[in-house]
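Open the model in your viewer and keep the selection tool handy. We will go from stop to stop, picking residues as we go.

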Amino acid sequence: MGCMVVQWLAHGGSWFESLLIRPLSVWSLHVLPGEVFLSGYSGFLPQSRDINTPLLYFSDMGPQPSKPPTPPPSPCLRQPWRTLPTSTQDNLNFMKSYQPRNKGVKHLRILLHGPVGAGKSSFINSVESALRGIVTNRALTDATSGSSFTLKYQTYKIQKDDQSFYSIVFNDIMGLEANLNNGVQVEDVKLALRGHVREGYKFRTNGPLTENDPGYNSNPSLDDKVHVLVCVVPVSSVSLLDDKVVQKFREVRLAASDLGIPQLAILTKVDEACPEVRSNIHNLHKSKYLKGQVEKFSAMLGIPINCIFLVKNYESEIKTTDDINGPLLTALRQMVSQGEDYLNYM
């Protein structure tokens with residue numbers, strides 16, 4: 001049977017076609033340096049063809065359609081691994097009505113700690129924004145400094161209305177650093193847990209607070225003590241944390257455990273770390289990468305996964321949205337619930 005075979009030759013950077021017409025009984029495709037030709041095929045080939053994108057492949061069964069490349073695995077799970085409430089209103093109502101049942105305290109005190117630049121102050125601002133319905137920036141932040149921007153022990157109350165405040169307060173402290181002479185001293189964090197650090201105390205990097213210091217509270221009340229400890233870390237930094245910083249985390253966690261203080265963790269900057277979340281916040285608990293970071297952090301510090309929360313802080317936004325508020329308020333409610341259990345036990 002007569003046939004047409006098209007042979008491509010590479011010459012001078014261009015492709016030339018030569019037509020060879022002869023009777024063939026053909027079976028195979030030959031590939032040689034600078035040369036590709038088909039032999040033993042009874043049929044017609046395209047008049048011109050880029051060999052890097054073949055339309056056909058050949059077997060002993062004759063020509064077959066090209067197999068499409070295997071698509072890469074999806075970066076997202078089909079279903080979220082954690083389900084959040086569809087509405088923020090229930091959590092908002094819970095926070096508005098919350099009052100500590102222990103009459104020895106006026107507020108539930110939540111202490112945030114973590115590495116420099118983790119987003120502790122931004123988290124306070126974001127929670128206040130979610131509760132008040134307007135984007136606020138009362139806790140000052142710094143997007144450029146490589147050292148801790150928070151230098152003093154400061155308490156933040158959140159206004160509920162013109163005449164009252166929410167029954168929670170946040171305490172922000174200087175960030176932890178690997179260098180012993182930089183960042184907050186671990187002993188200062190331990191003292192804050194027990195209520196020995198006075199409001200406005202300026203942290204020193206060369207040594208911890210002492211009993212003779214004016215910033216030392218020698219007789220703390222239950223209201224002065226920390227009721228919930230929250231570790232704040234950028235989600236993309238989980239695998240990059242310096243061993244010395246991790247060791248400081250563990251020391252603080254051990255001190256809190258000895259006091260019975262509940263501990264949670266917030267993983268921030270999820271949109272910066274995950275393109276799928278940056279394009280759609282609803283992928284927050286579908287992202288395989290973010291889920292993996294939660295699991296790594298849990299294994300690193302021993303904090304249970306159900307006590308670790310992924311959040312996006314308000315940064316460029318000028319209006320609040322339920323999509324951002326939802327994870328923030330869910331995490332806040334867990335802090336309050338566990339802190340309330342601690343106060344009732346006390």
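Select helix α3 and look at what lies over its buried residues: the cover includes β7 (108-113), β10 (228-234) and α4. This is a predicted model, so treat every stop as part of a prediction.

**Stop 1: inside α3.** Now colour the buried residues of α3. They are Val186, Asp188, Val189, Lys190, Leu191, Ala192 and Leu193. How much of α3 is enclosed by the rest of the structure? It is largely enclosed, because seven of its eight residues are buried.

**Stop 2: α3 beside α4.** Helix α3 covers residues 186-193, and helix α4 covers residues 243-259. Two packed helices are described by the angle between their axes and the distance between the axes. Here the axes of α3 and α4 come within 10 Å and cross at roughly 20°. An angle under 35 degrees counts as roughly parallel, so α3 is roughly parallel to α4. The crossing of these two helices is right-handed.

**Stop 3: the contact residues.** Show side chains where the two helices touch. From α3, pick Val186, Val189, Lys190 and Leu193. From α4, pick Lys248, Glu251, Val252, Ala255, Ala256 and Leu259, which they meet. Which classes of residue make up this contact of α3 with α4? It has seven nonpolar and three charged residues, with no polar ones. Now look at the spacing of your picks along each helix. An α-helix has 3.6 residues a turn, so residues three or four places apart point the same way.

**Stop 4: the cysteines.** A disulfide needs the two sulfurs within 2.5 Å. A search of the whole structure finds zero disulfides. Is Cys76 buried or exposed? Cys76 counts as buried, because its relative accessibility is 15%. Next, select Cys231. This residue is also buried, at 4% relative accessibility.

**Last stop: the whole chain.** Zoom out. The chain has eight helices and twelve strands. Of its 346 residues, 45% are buried. Finally, consider contacts between residues at least 6 apart in sequence. Among these, 66% join residues at least 24 apart.

Methods
Residues numbered from 1 in each chain as written. Predicted model: local features only at pLDDT ≥ 70, side-chain atom pairs only at ≥ 80, totals over all residues. Heavy atoms only, no water. Buried < 20%, exposed > 50% of the residue type's maximum accessible area, 1.4 Å probe, protein only. Axes fitted to C-alpha atoms, helices over the stretch in contact; angles between N-to-C directions. Helix = DSSP H or I, 4+ residues; strand = E, 2+ residues; numbered from the N terminus. Parallel < 35°, antiparallel > 145°, perpendicular 65-115°, else oblique. Left-handed = near helix turned anticlockwise from the far one by under 90°. Contact = heavy atoms within 4.5 Å. Nonpolar A, V, L, I, M, F, W, Y, C, P; charged D, E, K, R; others polar.
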